[in-house]
Amino acid sequence: MREVSKRMKLPVGDYLVVPSTFEPFKPGDFCLRIFSEKAAKSLEIGDVAKADPYEPKVSDKDINNDFKNIFQKLAGDKGEVTGKDIQAILNRLLSKRTDLKSTGFTLGTCREMVSLMDMDGTGTLNLVEFKTLWMKIQKYMEIFVKADDDKSGTMDAHEMRAALQDAGFSLNNTIQHSIAHRYASSDLTINFDSFISCMIRLETLFKMFTLLDKESRGRIELSLPELHGLRETSKKSTYLSLPTPWT
């Protein structure tokens, strides 16, 4: 009852081993031993982390007057919106959605949104940048609702895995587990604002990695000063609190 074992001799070739549990989506430990005359290489399925997130292309002429009026009310005379402005409008939006459970967007998360979309380094978002962010949030909202199979307004670990794939992220098990530990609440579910926060941080991580991986090798090497600078960035923005896709 505790162990099932099987010994077999196999011809040379490529093999796929699929361990499974009695109930679907229930995690379990297993031990696999392979004896070979020559070195045998193994690779876990999904061991490579990659991303192709939704990137809307927006120009000023694509934005209708209604959206411009909403932006002008938020931005005021300064013509730019801050993280605090984004926090106010997102929490107002969530208060009208009964199908999404949320504890409210934090100011830190909204500032991360600004940092991700801020192309001119002002620390605020102009009309086009805000429209791009808004389209991203709408896309992630659609993904969240679609992945929420039981219509609970939250996601479990299995639903989160499906949502990440739909959002263009292919992540290994280590990162998947870290996401679950980081963003799940005490009842092991992930609400909407936590999901959006996760998406924003993942996008930022992969963009930072792409900038640092100048030779497109799939890995980067950092000197001690560079690593220190990266750590300081993570302290200020909390971007690097997730396991990174680089070695």
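Reader: Among contacts between residues at least 6 apart in sequence, what share joins residues at least 24 apart?
Author: 67% in the protein chain. Contact means heavy atoms within 4.5 Å. One caution: the model is predicted, local features need pLDDT of at least 70, side-chain atom pairs count only at pLDDT 80 or more, and totals for chains, interfaces and linings use all residues. Residues are numbered from 1 along each chain as its sequence is written, and side-chain values use heavy atoms, with hydrogens and water left out.

Reader: How many helices and strands?
Author: Eight helices and two strands. Those are DSSP runs, numbered from the N terminus: helices are H or I with at least four residues, strands are E with at least two. The order from the N terminus is β-α-α-α-α-α-β-α-α-α.

Reader: Where does Ile143 sit?
Author: In helix H4, residues 127–147.

Reader: Buried or exposed?
Author: Ile143 is buried, because its relative accessible area is 3%. Buried means under 20%, exposed over 50%, partly exposed in between, with a 1.4 Å probe and protein chains only.

Reader: What does Ile143 touch?
Author: Ala163, Asp166, Ala167 and Phe195, not counting residues up to four places away in sequence.

Reader: And how far is Ile143 from Ala49?
Author: They are 20 Å apart in space, C-alpha to C-alpha, and 94 residues apart in sequence.

Reader: New topic. What percentage of the protein chain is buried?
Author: Buried residues are 36% of the 247.

Reader: What does the C-alpha trace span?
Author: About 75 × 45 × 30 Å along the principal axes.
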